[in-house]
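Please open the model in your viewer and keep the sequence panel beside it. The stops below say what to select next and what is to be found there.

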Amino acid sequence: MNDVYINGLGAFLPGVPVTNDDMEDCLGLVFGKPSKYRSLSLKQNRIKARHYALDKQGNPLHSSSGMAAAAIHAALKNSETALQNIDYLATSATLGDGLVPGLASHVHAALGVEEIEIANFQSVCASALMAIKSAYMQLKAGEHNCAAVSGSEFASRYFRPGNYECVEAYAKTREIPFQADFLRFTLSDGAGAAVLETKPNSRQISLKIHWIDIRSHAHRFEACMVGGVAKGDEGWRYWGGFGDPLAAAKAGALILIQDFDLMKRMLPVWVSHYLDLIDKGRIVIDEIDYVCSHYSSHGLREEIIVLLTQAGAMIDERKWFTNLYTKGNTGAASIFIMLEELYREGNLKKGDKILCHVPESGRCLNGFMLLEVA
Amino acid sequence: MADSQTQAVMRGLIKIWTDFSSELDTVPLIDKLLRGKFRIEDYRQLLVNHRQQVIEGSRWIARAASSVTGEYAEQRALFLKHAVAEHRDYKMLEANYVSVGGKLEDITHAEKNIGTEALHAFMYQRASDPNPFDLLGAMFIIEGLGQKKAGGWGSLIKKQLSLEDGQVSFLLYHSANDEDHMRQFETTLASGILGIAGMDRKIVKTAKIVGRLYRLQLEEMGSV
């Protein structure tokens, strides 16, 4: 079995950083008025700046596949390898550009590399770890020698007013609910990528992948963050079953929604996964130098901190590294964008261990990855 | 800072708790509550089935206290304190039942459901063993229910059935002062009982058994 190293990291963040006050210039005003939940959402997610792949009229300036390819090119530029050496590509995203075919095909086309094997991962944030794990296993098993992995999101296009104004229930009150509006002020656009090889860099540090552990708890939880389905009293109705896409849109089946009560119930399950990895000896608390979590420490309630401390599992908050507050929550791209900045800042030294954590509220999924600076 | 053995037991208990807690949400009665479809008769049934558990609760704790030998007198006090606190609870539960149209004699004469039978048979058996500190695992689960689940259920029931606080006070009252209990629990765990051979594993296993039997009790509502 080969050892596998992340040898290059890249990020692509479209346009200029958009501050909290300027968000609605890009996203637009739903029903012609400022959002009722903007400040509440921003207070909760604490994000200060983000990027949008839209111009001020709401026209797309990029595509998800184009941003992914740009991030892979950036990662290659930071690596000691070159585009023609890539023989495996894994992409991840919450939503691609079109419905068919998968995003990976479009990213491959945009990359401009010869024929390669590709794989497409679509879920929510944790799809990033699925993609990294597939590349890790491919290289570990000796199937390929050099892989590119991307995470890319273009969420803002689905947050424009027209998406909501056609929903009959919203049009009646000329309001959109918090569970839909919160996501408008939380998710934003961008792409990140990593280049993986079976040997470390010779002139600069690499990040050796020790393991990736992903667990789904969907058998015990309802879907929590959903799109493409209307949840009604009679059960679920998928967007394709309305007979006509306009009817699906009117019923709200095309809106992205987050169920907050359900999300709170998922947190202990994620904590439990973490404790299990400690018990199995995969995570040794004292050895961890950095925690890159897609979940902020602010979200951990006091009682969980008490529990983690009693369980000998709390990692000092000074070891937590995040750029969610300045680069935005870019879903599947976030973990790459975080690692890219951590690497670029230049403080990493050989032997440092980085614990990456990507939870996904979609239908209760949780993943950890352990890296070591080599 | 607790020692590593205590920390490992805490990790085991938290893992068992989270499994138990998310499994509980799939029990038909709780699932119905979480879906917003609870009926007043569901609430009455929950109270009737719960009363036996509450009454029996103070009894097994008292039994456990009496099984503690002299060298662990300090720890015995924890059991005794719990027995006293739990003892008054069923009065509140009965009052809640009557306030939603139930008859007092119906709840006082109700038979234990088959899950409750299994749960208490197990508890009594364990409580009769000398120094049954593995029942701390049971307390972790049952206390956790009170502190982390009951309040949420109480609020949902109150909202769905348009009730007053006084009609769901048993469930609401249990969700208070979480951290103190947790600290007290940890202190007991770290007080030397883990020096008893195999006790660390036994505490976690007992928590697992009690969680499973507790779920059985909720699954078997009205099954007598």
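Among contacts in chain A between residues at least 6 apart in sequence, what percentage join residues at least 24 apart? The share is 82%, where two residues are in contact if their C-beta atoms, placed from the backbone, lie within 7 Å.

Before going further, note that this is a predicted model, in which local features need pLDDT of at least 70 and side-chain atom pairs count only at pLDDT 80 or more, while totals for chains, interfaces and linings use all residues. Residues are numbered from 1 along each chain as its sequence is written, and chains are lettered from A and ligands numbered from 1 in the order in which they are written.

**Chain A**

Select chain A and colour by secondary structure: there are 13 helices and 16 strands, with helices (H or I, at least four residues) and strands (E, at least two) taken as DSSP runs numbered from the N terminus. The radius of gyration of chain A, taken over C-alpha atoms, is 20 Å, close to the 21 Å that the globule rule (2.2 Å times the number of residues to the power 0.38) gives for 374 residues, so chain A is as compact as a globular protein of that length. Its C-alpha trace spans about 60 × 55 × 40 Å along the principal axes. Of the 374 residues of chain A, 48% count as buried; a residue is buried if 20 or more other C-beta atoms lie within 10 Å of its own, exposed if 12 or fewer, and partly exposed in between.

Next select Ala71(A), Ala193(A) and Leu196(A), which have the most contacts inside the largest nonpolar core, a set of 157 residues. Such a core is made of buried Ala, Val, Leu, Ile, Met, Phe, Trp, Tyr and Cys residues joined through C-beta atoms within 7 Å. Centre the view on Leu196(A): not counting residues up to four places away in sequence, the residues that Leu196(A) touches include Val4(A), Ile6(A), Tyr136(A), Leu139(A) and Val149(A).

**Where the chains meet**

Now show both chains; the contact takes 18 residues from chain A and 18 residues from chain B. On the side of chain A, the elements that give two or more residues are helix 10 (260-279) and helix 11 (302-310), and helix 10 of chain A gives the most, with nine residues.

**Chain B**

Select chain B, whose secondary structure comes to eleven helices and zero strands. Of its 224 residues, 37% count as buried, and its C-alpha atoms fill a box of roughly 50 × 30 × 30 Å along the principal axes.

Move to helix 7 of chain B (residues 114-127), where Gly115(B), Thr116(B), Leu119(B), His120(B), Met123(B), Arg126(B) and Ala127(B) are buried. These cover an arc of only 125° around the axis (the arc of the directions from the helix axis to the C-beta atoms), which puts them on the same side of helix 7 of chain B. On the other side of this helix, Ala121(B) and Gln125(B) are exposed.

Finish at Asn96(B), in helix 5 (residues 89-99) of chain B. Is Asn96(B) buried or exposed? Asn96(B) is buried, with 26 other C-beta atoms within 10 Å.
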